[in-house]
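Good morning, colleagues. Please take a moment to look at the sequence and the structure as they come up, and I shall then go through several features in turn.

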Amino acid sequence: MAPTMEGKGVGLEGKGVGLESVERELQLVAFRLAKETYGIDIAAINEIIRPQEVTHVPRSTEDLEGIINLRGKIVPIVNLRRRLGLPETEGEGVGSEEVQKQRSALASSRRVIVVNYDGSLVGLEVDSVVGVLRLSETLIEKPAEMVESVDSEFVLGVGKHQNELIILLNVEAVLKPSDAAERA
């Protein structure tokens with residue numbers, strides 16, 4: 001998270017602007033995964049693309065869909081649902097025709113958010129992109145204050161926007177290889 005401005009002289013005194021009136025905002029790209037809304041800081045995002053056919057990589061981790069060629073650059077595509085341990089599909093207990101309609105609608109709205117990570121590009125496959133949001137830092141709570149069972153390494157905080165909660169992801173932590181993946 002960005003450092004706060006508390007206790008720091010930012011040189012605005014005497015210019016008609018009090019420190020109390022300076023409210024920092026985060027600009028996020030909001031997206032949906034498993035019926036929940038998540039957000040990533042827009043500064044980490046390179047672009048958003050439609051899913052492309054991937055080349056599967058033998059003996060790769062379960063959450064790596066494969067790789068694509070994006071304008072001459074090889075970009076690994078990570079299934080963010082799997083990486084976060086979310087269910088693959090919704091609709092258990094629903095008739096097969098209804099499940100097929102849901103899967104078809106989901107497939108047409110899927111997007112790949114291409115982020116900068118450790119000097120490379122990585123694609124994150126998501127269900128859909130909601131849009132760009134501005135969220136005041138005052139509307140964001142730390143995950144430990146919200147729910148203790150949330151893996152606080154992956155979650156920067158939980159923001160409130162209109163009547164919806166937005167889970168702010170720590171892209172660095174989400175994409176960092178796990179110990180099990182490094183041993184394989």
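Predicted model: local features only at pLDDT ≥ 70, side-chain atom pairs only at ≥ 80, totals over all residues.

**Sheet, ring pair and a loop arginine**

Let me begin with two strands: S10, residues 155-161, and S11, residues 164-169, are paired in the antiparallel sense over six bridges. Within this pairing, leucine 168 in S11 has glycine 157 standing opposite.

Six strands form an open sheet with mixed pairing, and their order reads S8-S1-S2-S11-S10-S9. Which strands stand at the edges? They are S8, residues 128-136, and S9, residues 140-141; each has a single partner strand, so one side of each is left without a neighbour in the sheet.

I turn next to the aromatic residues. The structure contains one aromatic pair. The ring centres of phenylalanine 31 and tyrosine 38 lie 5.9 Å apart and the planes are at 15 degrees; since planes under 30 degrees apart count as stacked, the pair is stacked. As for accessibility, both phenylalanine 31 and tyrosine 38 are buried.

My last item is arginine 110. Where is this residue found? Arginine 110 is in the loop between helix H2, residues 96-109, and strand S6, residues 111-117. Is arginine 110 buried or exposed? Its relative accessible area is 18%, and buried means under 20%, so arginine 110 is buried. Leaving aside residues up to four places away in sequence, arginine 110 touches Pro51, Glu125, Val126 and Asp127.

Thank you for your attention.

Note on methods. Residues numbered from 1 in each chain as written. Heavy atoms only, no water. Phe/Tyr/Trp six-rings, centres within 6.5 Å; stacked < 30°, edge-to-face > 60°. Buried < 20%, exposed > 50% of the residue type's maximum accessible area, 1.4 Å probe, protein only. Helix = DSSP H or I, 4+ residues; strand = E, 2+ residues; numbered from the N terminus. Contact = heavy atoms within 4.5 Å. Pairing = 2+ DSSP bridges.
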